[in-house]
Amino acid sequence: MNFKVEAQSAVKKKLSIEIPQADVAKELDGAYRELKKNAKVKGFRPGKTPRNVLERLYGKEVRADVSSRLIQEAFMEVLKDAELNVVGMPAIDPPELKADAPYAFDAVVEVKPELENLEIEGFKLKKTLYRPTEEELEAQIQMLRKNLAKMVPIEEARAAAAGDVILIDYEGFKDGQPFTETQKTTDFSMKIGDGLIHKDFDDQVTGMTPGDEKTFNVTFPGDYYNDKLAGLEITFNVTLKEIRVEALPEIDDAMAKRLGKFESLDELRQQIEENLSKGYAKRQEQELHEQVFTALIAQQTFEVPDAMVAHELESIVAEAQQSFSYHNTSMEELGLTKEALEEKYRDTAVKQVRRHLLLGKIIEQEGMELSDEDLEKGYADMAASFNQPVDMIKKFYAQYPDRVDVFKHTLLEKQAINLIIEKSEIEEVEPELEKPVETPPAD
């Protein structure tokens, strides 16, 4: 077998492969022998059908099957002989197979770029000493306090105004008849001004007092989000039952206990501070990693294979879809498409591929290997992050052995980053204070 490798770019190669006619004839002979054993052709006993009949009846299928097998075997042999580190699937447009001629075809493949050894020592990194502030602690407590708030009727007698939360009963009619989309609803809570039903609806209930009943018309626009109401005029009967205000609990031990797992306010504050500290530690780590990657990328320029970018994009889009599903929505409901997400995150995917290639080179040049202890720790860390037993994590990977290699390589990448950080000069700096927004002077 003859082959030639032509570089179309640093990461794209064209393989021109020719299989000798003798090998083609041998494969075809074998294929027809097997077919002859089992073919059931009218007028011939099993195993006695002449080859010319088989060629007339099954020639197209046999040639397609033989050419597919020849291409696969030859392609794998060429990859081995040419020592190509191929990524993704080859692009092959197989020509028609002929018994009396060599079989020649082209395959375009992408390969990992060949990187030079990287310098991994002496980087000058900055580590920002983030710490939770009293303002952040207070903001977290206020947020939890708001989550425990209750809506209670106001004590004063007054009319409903913009910004009020009101409790109403309502029913909508179309042409004097009850309408399904605005059926009778009781104890409906809404905030005046949010336009939950329609802005005109809010305007009509403004000024009502508890106990008032009112009938009014609302015309919904043609582009209304509920297409069953779009363009319709609906007559509403509304009874305002209550005007409500938000009643916040006192910030004390009782509030902490209402959150379920705290015995005191001090215990709650301690947990909030720990959570903020963990978040800042993660931020410090991410910032150090970004500085490391910036220093690595600056050392050499290289192309990235489209196949690797496409694979990375698949992972990013899949994660986005999982996130949408977790929040009970979907790409379609958000007006997004797979193509739009891929376009949005393509630069991110390219950046991720560069990082994987750089870290892979460091793992190779430093001869890094993962020990059994490192793997066990990796399982334990993942179990802790998902709040699951270690055995469950191991059981998952036992069901998907192909993912174990990916997991191991991810752990090695983390070790490579940590190795660089250990060999770097780290300057600890205080976080920069956010500059206040300056108000322009009045004319």
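Where is the place of Ser-424? I looked this up in a predicted model. I found Ser-424 in the loop that links helix H11 (401-422) to strand S12 (425-429).

**Entry 1: Ser-424.** I then looked for a partner of its side chain. A polar atom of the Ser-424 side chain lies 2.6 Å from the backbone oxygen of Ile-420. Leaving aside residues up to four places away in sequence, I noted that Ser-424 touches Gly-122, Phe-123 and Leu-125.

**Entry 2: H3 and H6.** I turned to a helix pair. Two packed helices are described by the angle between their axes and by the distance between those axes. For helix H3 (residues 134-147) and helix H6 (residues 265-297), I recorded an angle of about 115° and axes 10 Å apart. The crossing of H3 and H6 is right-handed. On the H3 side, the contact includes Leu-137, Ile-141 and Leu-144; on the H6 side, it includes Leu-268, Ile-272 and Tyr-280. By class, the residues of this contact are seven nonpolar, five charged and one polar.

**Entry 3: H1.** Last, I examined helix H1 (residues 21-38), which has 18 residues. From its first C-alpha to its last, H1 reaches 26 Å, close to the 26 Å expected at 1.5 Å a residue. Which residues of H1 are buried? I listed Val-24, Leu-28, Gly-30, Ala-31 and Tyr-32. Among the elements that cover these buried residues of H1 are strand S2 (12-19), helix H2 (51-82) and strand S4 (103-111).

How values were computed:
Residues are numbered from 1 along each chain as its sequence is written. This is a predicted model: local features need pLDDT of at least 70, side-chain atom pairs count only at pLDDT 80 or more; totals for chains, interfaces and linings use all residues. Side-chain values use heavy atoms; hydrogens and water are left out. Helices (H or I, at least four residues) and strands (E, at least two) are DSSP runs, numbered from the N terminus. A polar contact is a pair of N or O atoms within 3.5 Å; within protein, one must be able to donate a hydrogen and the other to accept it, and residues adjacent in sequence count only if both atoms are side-chain atoms. Contact means heavy atoms within 4.5 Å. Axes are lines fitted to C-alpha atoms, for helices over the stretch in contact, and angles run from 0 to 180 degrees between N-to-C directions. A crossing is left-handed if the near helix is turned anticlockwise from the far one by less than a right angle, and right-handed if clockwise. Ala, Val, Leu, Ile, Met, Phe, Trp, Tyr, Cys and Pro count as nonpolar, Asp, Glu, Lys and Arg as charged, and the others, Gly among them, as polar. The expected span of a helix is 1.5 Å times one less than its number of residues. Buried means under 20% relative accessible area, exposed over 50%, partly exposed in between (1.4 Å probe, protein chains only).
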